[in-house]
Amino acid sequence: MDQQHEKMEKRFSQAAGVEFEAVDGSGVLLDMRSGKYFRLNETGSEVWRLLAETSDPDEITTKVSTSHDLRAVDIRGDIDSLLGEMVRLGVVVAEG
């Protein structure tokens, strides 16, 4: 299975014990387990909120691209990078 196909099969969800607080159009994630917090820009906050609705990165990309009047193909790499960084920080869980 190639890496591109593998990416499409992954699903993502918010990790347990992580709280979100909206702040001036952006947001802050507080990992209650570690006490660490992470600031999100507007788009990062939007992705976080979308993770409560869907685990599908394709659907997240489509919704973000629509809300910002961008082409999904142009932002997919950025969405993948953000989700990967959130997984690395432990605030998002990847499955699949």
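This is a predicted model: local features need pLDDT of at least 70, side-chain atom pairs count only at pLDDT 80 or more; totals for chains, interfaces and linings use all residues.
**Core.** I began with the largest nonpolar core, which has 18 residues. Leu29, Trp48 and Val91 touch the most other members.

**Leu29.** I looked up Leu29 next. Leu29 sits in strand β3, which covers residues 26–31. Is Leu29 buried or exposed? The relative accessibility of Leu29 is 1%, so I noted this residue as buried. I listed the contacts of Leu29, leaving aside neighbours within four places in sequence. Val18, Glu19 and Phe20 are among them. The list also includes Lys36, Tyr37, Phe38 and Leu40. Trp48, Met86 and Val91 are on it too. I also took one distance from Leu29, to Lys10. These two residues are 19 apart in sequence, and their C-alpha atoms are 22 Å apart in space.

**Thr61.** I moved to helix α3, where Thr61 is found. Thr61 has a relative accessible area of 2%, so I wrote it down as buried. Beyond residues up to four places away in sequence, Thr61 touches Ala72, Ile75, Arg76 and Ile79. I checked Thr61 against Arg71 as well, 10 residues along the chain. Their C-alpha atoms are separated by 9.2 Å.

**Positive phi.** I looked at two loop residues. Asp24 has a positive phi of about 50°, although it is not a glycine. I placed Asp24 in the loop between β2 (18–23) and β3. With a relative accessible area of 77%, Asp24 is exposed. Asp69 also has a positive phi, of about 55°, and is not a glycine either. I found Asp69 in the loop between α3 and α4. The relative accessible area of Asp69 is 72%, so I marked this residue as exposed.

**Whole chain.** I then stepped back to the fold. How many helices and strands are there? I count 4 helices and 5 strands in the protein chain. From the N terminus, the order is α-β-β-β-β-α-α-α-β. The radius of gyration is 13 Å, close to the 12 Å that the globule rule gives for 96 residues, so the chain is as compact as a globular protein of that length. I boxed the C-alpha atoms along the principal axes and got roughly 35 × 30 × 20 Å.

Buried residues make up 33% of the 96. I took the contacts between residues at least 6 apart in sequence: 45% of them join residues at least 24 apart. The accessible surface comes to about 5,900 Å². Carbon and sulfur atoms own 49% of this surface. Last, I noted the charges. There are 11 positive and 19 negative side chains. The centres of the two sets lie 4 Å apart.

Notes. Residues are numbered from 1 along each chain as its sequence is written. Side-chain values use heavy atoms; hydrogens and water are left out. A nonpolar core is a set of buried Ala, Val, Leu, Ile, Met, Phe, Trp, Tyr and Cys residues joined through side-chain atoms within 4.5 Å. Buried means under 20% relative accessible area, exposed over 50%, partly exposed in between (1.4 Å probe, protein chains only). The radius of gyration is taken over C-alpha atoms; the globule rule is 2.2 Å times the number of residues to the power 0.38. Contact means heavy atoms within 4.5 Å. Accessible areas come from the Shrake-Rupley method with a 1.4 Å probe; for residues, only the protein chains shown count as cover. Lys and Arg count as positive and Asp and Glu as negative; His and the chain ends are not counted. The place of a charge is taken as NZ of Lys, CZ of Arg, CG of Asp or CD of Glu.
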